[in-house]
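Look at the sequence and the model below before reading on.

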Amino acid sequence: MDQQPDSDNSLVISYLWLRTAIGIIGIALPFALALGKILFDGGGLQSSMSAYYYTNTRNVFVGSLCAIGIFLMSYRGYGRKDNIAGKLASVFAIGVAFFPTTPPTIAAPGDKLIGVIHLTCAALLFLTLAYFSLCLFRKTDPTKPPTPQKQRRNLVYALCGYAILASILLIATFKALPSLAPFQEFKPVFWLEALAVVSFGVSWLTKGEAILADEK
């Protein structure tokens, strides 16, 4: 019995570390892709984060998504919904990694289908991550009043979740409306994807109590 508190504390620390690790990868990914491409491959920004699959930073893109997928598969929340969401997000992240976006030049009949799978996995991944931020992370123990830090964390989760949803909506708008084609030179899809991914990272970093942790 004397060892139980230490065991529980170690488990809490491991889960906090897991959430923090997911957050760090999410925040770093857009910058690693963009800077890596500029340093090692030259040129400017790609049209989207997924387009970096066809550059020298492919391994960074695939490796980061696989790491996020593995971490999410290992994630255990406070209830069944958390665990299901973690498993689904894991599958979607790995799907984004291994089913690349449609290449600039279609070389095989299956490229378009693979691209559709990629877009579907990406959309579902972002929606699941928004669900984490807006619904699961904001839960509060009903037997205890929320601490001031918890209230601040909930605000961060809400901002991050809505930023992800807004990014998805705007990306769909840019892809659906030909009249917005002149704006493509500014790479709006890349910036919106980067906003969504960084928001996801900040949300998980906050959940790992690297930000706004309760006083011990």
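**From the whole chain to single residues**

Among contacts in the protein between residues at least 6 apart in sequence, 69% join residues at least 24 apart; contact here means heavy atoms within 4.5 Å. This is a predicted model, in which local features need pLDDT of at least 70 and side-chain atom pairs count only at pLDDT 80 or more, while totals for chains, interfaces and linings use all residues. Residues are numbered from 1 along each chain as its sequence is written, and side-chain values use heavy atoms, with hydrogens and water left out.

What does the secondary structure consist of? The protein has six helices and zero strands, so from the N terminus on its elements run α-α-α-α-α-α (helices, H or I with at least four residues, and strands, E with at least two, are DSSP runs numbered from the N terminus). Taken along the principal axes, the C-alpha atoms fill a box of roughly 65 × 35 × 30 Å. A compact globule of 216 residues would have a radius of gyration near 17 Å, and the 19 Å of the protein agrees with this. That radius is taken over C-alpha atoms, and the globule rule is 2.2 Å times the number of residues to the power 0.38.

Next comes the surface. The protein exposes about 11900 Å², and carbon and sulfur atoms supply 68% of this area. Accessible areas come from the Shrake-Rupley method with a 1.4 Å probe, and for residues only the protein chains shown count as cover. Of the 216 residues, 43% count as buried. Buried means under 20% relative accessible area, exposed means over 50%, and partly exposed lies in between (1.4 Å probe, protein chains only).

The surface also has pockets. On a 1 Å grid over the protein atoms alone, a cavity is a set of points where a 1.4 Å probe fits but cannot get out, whereas a pocket is an open set with protein on both sides within 12 Å along at least five of seven lines; lining residues have an atom within 4 Å of a point. Grid points are joined across faces, edges and corners, and a volume is the space filled by probe spheres set on the points.

The largest pocket has a volume of about 730 Å³. Its lining has 33 residues, and those nearest the centre are Ser-50, His-118, Leu-119, Ala-122 and Glu-193. Four helices each supply at least two lining residues: α2 (58–74), α4 (111–136), α5 (148–176) and α6 (188–207). Of the elements, α4 gives the most, with seven residues. By type, the lining divides into 23 nonpolar, eight polar and two charged residues. Ala, Val, Leu, Ile, Met, Phe, Trp, Tyr, Cys and Pro count as nonpolar, Asp, Glu, Lys and Arg as charged, and the others, Gly among them, as polar.

The second largest pocket holds about 520 Å³ of space. It is lined by 20 residues, with Tyr-78, Lys-139, Lys-150, Arg-153 and Asp-214 closest to its centre. Two or more lining residues come from each of α1 (4–40), α5 and α6. This lining divides into seven nonpolar, three polar and 10 charged residues.

Single residues can now be placed in this picture. Helix α4 contains Ala-130 and Leu-124. Is Ala-130 buried or exposed? Ala-130 is buried, because its relative accessible area is 2%. Leaving out residues up to four places away in sequence, Ala-130 touches Gly-161, Ile-164 and Leu-165. Leu-124, in contrast, counts as partly exposed at 35% relative accessibility.

Thr-55, in the loop between α1 and α2, counts as buried because its relative accessibility is 10%. Beyond residues up to four places away in sequence, Thr-55 touches Lys-37, Asp-41 and Gln-46. Tyr-75 lies in the loop between α2 and α3 (80–98) and is buried, with a relative accessible area of 1%. Lys-187 is in the loop between α5 and α6 and counts as partly exposed at 25% relative accessibility. The phi of Lys-187 is near 55°, a positive value in a residue other than glycine.
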